[in-house]
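Try each one yourself before reading on.

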Amino acid sequence: MGRFIDDTYEGLVIAGTAVKSNPLRSALTMLGIIIGIVTVTLMGAFLIGINDMFKNTVSFMGTDVYYVDKFDWASKKWMNMRNRPDVSLEEAAQLRSKMTTASAISVNADQWLIQSKYKSKSVDNSTAVGVDEPYKTTGSINIERGRFMSTAELLTARPVCVIGSEIADKLFPNEDPVGKTMRVSGYPLEVVGVAKKVGGLFGVFTTDNQVIMPLRTFFAAFGDPHRSITISVKARTVDGKASTRSELEAMMRQIRRLKPAQGNNFGINSQDQFNKQIDALTLTLDVVGFLITGLSLLVGGIGIMNIMLVTVRERTREIGIRKAIGAKRRSILVQFLAEASMLSLMGGLIAVVIAFTMSFIIDHYFLTSGTIHIGFPIQIAILGIVLSISVGLVSGFIPAWKASKLDPVEALRYE
Amino acid sequence: MATTITSAPLIRPEGPHSAENSVIFLDHIQKVYQMGQEHVFALRGVTIGVKRNEYVAIMGPSGSGKSTLMNLIGCLDTPSAGNYFFNNANVAGLDDNELAEIRNREIGFVFQTFNLLPRSDSLHNVELPLVYQGVPKDERQKRALEALEHVSLGDRAHHKPNELSGGQRQRVAIARALVTRPSIILADEPTGNLDSKTGEDIMRLFAELHEQGNTIIVVTHEEEIARHAERIIRIKDGLVERDEMLSPEERVLVTPMSA
């Protein structure tokens, strides 16, 4: 071990003098590694940003909340589910009286592509959502300004609403929406609060473009109390959420009098099922992303290998001297590996600084829409450094091996 | 750390030349090179013994096999046939790493072209064999500095080779050869790249080292240099042509450098 440290130290000292005596060559070699590590780490940061964005997209769902709906949200066979029976308020009432493992059960109804108006400004693709009182427990809305609707408001048909950040930005660009009265499909509602920006994809699952109002207000404005609704069931405990799900499924089947052979004609949705899909998707993205950026790292590695081969050739005589005075193969091998790793580690460190700066600039000046953010977590910096050392070791190995195998007599004779 | 030499088989040949009392003993050493279809004999059966504290010169014209012999003595190369006893242990069949160990501990090399590491200062050059021995840094530097002082270069420890004269470089190389306290000092044309005055200084240093008890083997083609030794072994066509002890009258005796 002491010998290994000595050999490595000797290698690093030699590498240091070699870098100093050949700055241009060293810089060019490092450039390849720098580009490689910058692309890989930036891709890593970007992929983390994408993952966060996906996770944000489903954050409107609580981790311990199940959503009974006519549709399975994560399924693509929407057409087949159209003929299912609507999920009704009556069914929600039955679940409330029967379920023992739920801490809260709420219902909400929604209507898409609603026009929201305030003075001369309007938004055409907002979603109106009616919620009942337990929604305060099952929902996961963060209020940025104002307040959420009170229990009294939720229990009655008060004309109040909480709006998503996107609607707030578009209808009230220069004023505080709280206290203003807007029109939702012509129906006047007073804004009592603005929800925090969620971000996320598509705008379908986010509160950003929603106008949330008491359920009875919703029915007053949009009619049809027999429309299909969504029932949210919050588990009594997070650990027991699996049994909550089983009970929920059993109860729904019982309420709908399904025979054992019949499949469910309702969907039970949860964040978990989305997370699984998201994980599968991000894994694919990770693999593809790193394969592509890995190519640039490969090029950098080839650069190191090339320069190390030249170095070994140039220093043949030096290797001969070292062997003559007693260097074993391993010492020579370690020496050149240390040199290659040091070159690429220096490149890696520079690259991490550059990538950090670039991620900051990209995030602040190019990703201003807020859908996706890229940061530069410490794992990415560590990844960059570990990768650079590994590239040095891998690409330095063949040249170092060649050096260690040199015949001392021939090496000493080399001019 | 135990060297591998002790575990090598001990075969002690009998006869006038014997491995007993010899630091090195070459027993019917042959070296054959394959050149295409042809076998070229560089050494055809050389038997030489060198005793402790002997001062020997090996002479021979180019092509005589002198360089091959020197590589074999220096454990830089292995013989095709024959045995080579180093401190009574046969080293003829050792592998690269075992030979490296012997070179490191038992042999101090002095080359015609000095062979110092150009980018390292004198101290580091002298330290290097100890690095490969695994000697801790403090002790290493202390011993390296002592060796440099021994060749009167204590004040040049932090000079790089290109900041030194040829004679000084060769003295750094000698310090490097001495620092491990080797069994033999093997010098290959040590004055070949030096002017005659500087060459004389180096030979005076060798004489001094010999006085102090070192075993010295100088390979040269210059009669004048060879005559500094006590004994001259002449190589021709891959064989020992003559092996003679020099009388004091025949020797070039130099007055050792006094501090």
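**Exercise 1.** How many residues does the largest nonpolar core have, and which have the most contacts inside it?

*Solution.* Keep in mind that this is a predicted model. Start with the count: the largest nonpolar core has 125 residues. Next, look for the ones with the most contacts inside that core, and you land on B:Ile58, B:Ala175 and B:Ile217. Then ask who contributes: helix H12 of chain A, residues 329–365, gives the largest share, 14 residues. Finally, there's a second, separate core of 50 residues, with A:Ala102, A:Ile105, A:Val107 and A:Ile231 among its members.

**Exercise 2.** Find what B:Ile58 is in contact with, skipping neighbours within four places in sequence.

*Solution.* Take the partners in sequence order. You'll meet B:Lys66, B:Leu69 and B:Met70, then B:Ile217 and B:Val219, and lastly B:Ile233 and B:Ile235.

**Exercise 3.** Work out why chain A counts as more spread out than a compact globule.

*Solution.* First, list its parts: chain A has 14 helices and 10 strands. As for its extent, the C-alpha trace spans about 100 × 55 × 35 Å along the principal axes.

**Exercise 4.** Describe the side of chain B that touches chain A.

*Solution.* Begin with the tally: 19 residues from chain B and 19 residues from chain A take part in the contact. On the chain B side, helices H2 (96–106) and H3 (122–133) each give two or more residues, and H2(B) has the largest share with six residues. Sorted by class, that side has eight nonpolar, five polar and six charged residues.

Technical notes:
Residues numbered from 1 in each chain as written. Chains lettered and ligands numbered in written order. Predicted model: local features only at pLDDT ≥ 70, side-chain atom pairs only at ≥ 80, totals over all residues. Helix = DSSP H or I, 4+ residues; strand = E, 2+ residues; numbered from the N terminus. Rg over C-alpha atoms; globule rule 2.2 N^0.38 Å. Core = buried A, V, L, I, M, F, W, Y, C linked by C-beta atoms within 7 Å. Buried ≥ 20, exposed ≤ 12 C-beta atoms within 10 Å, placed from the backbone. Contact = placed C-beta atoms within 7 Å. Nonpolar A, V, L, I, M, F, W, Y, C, P; charged D, E, K, R; others polar.
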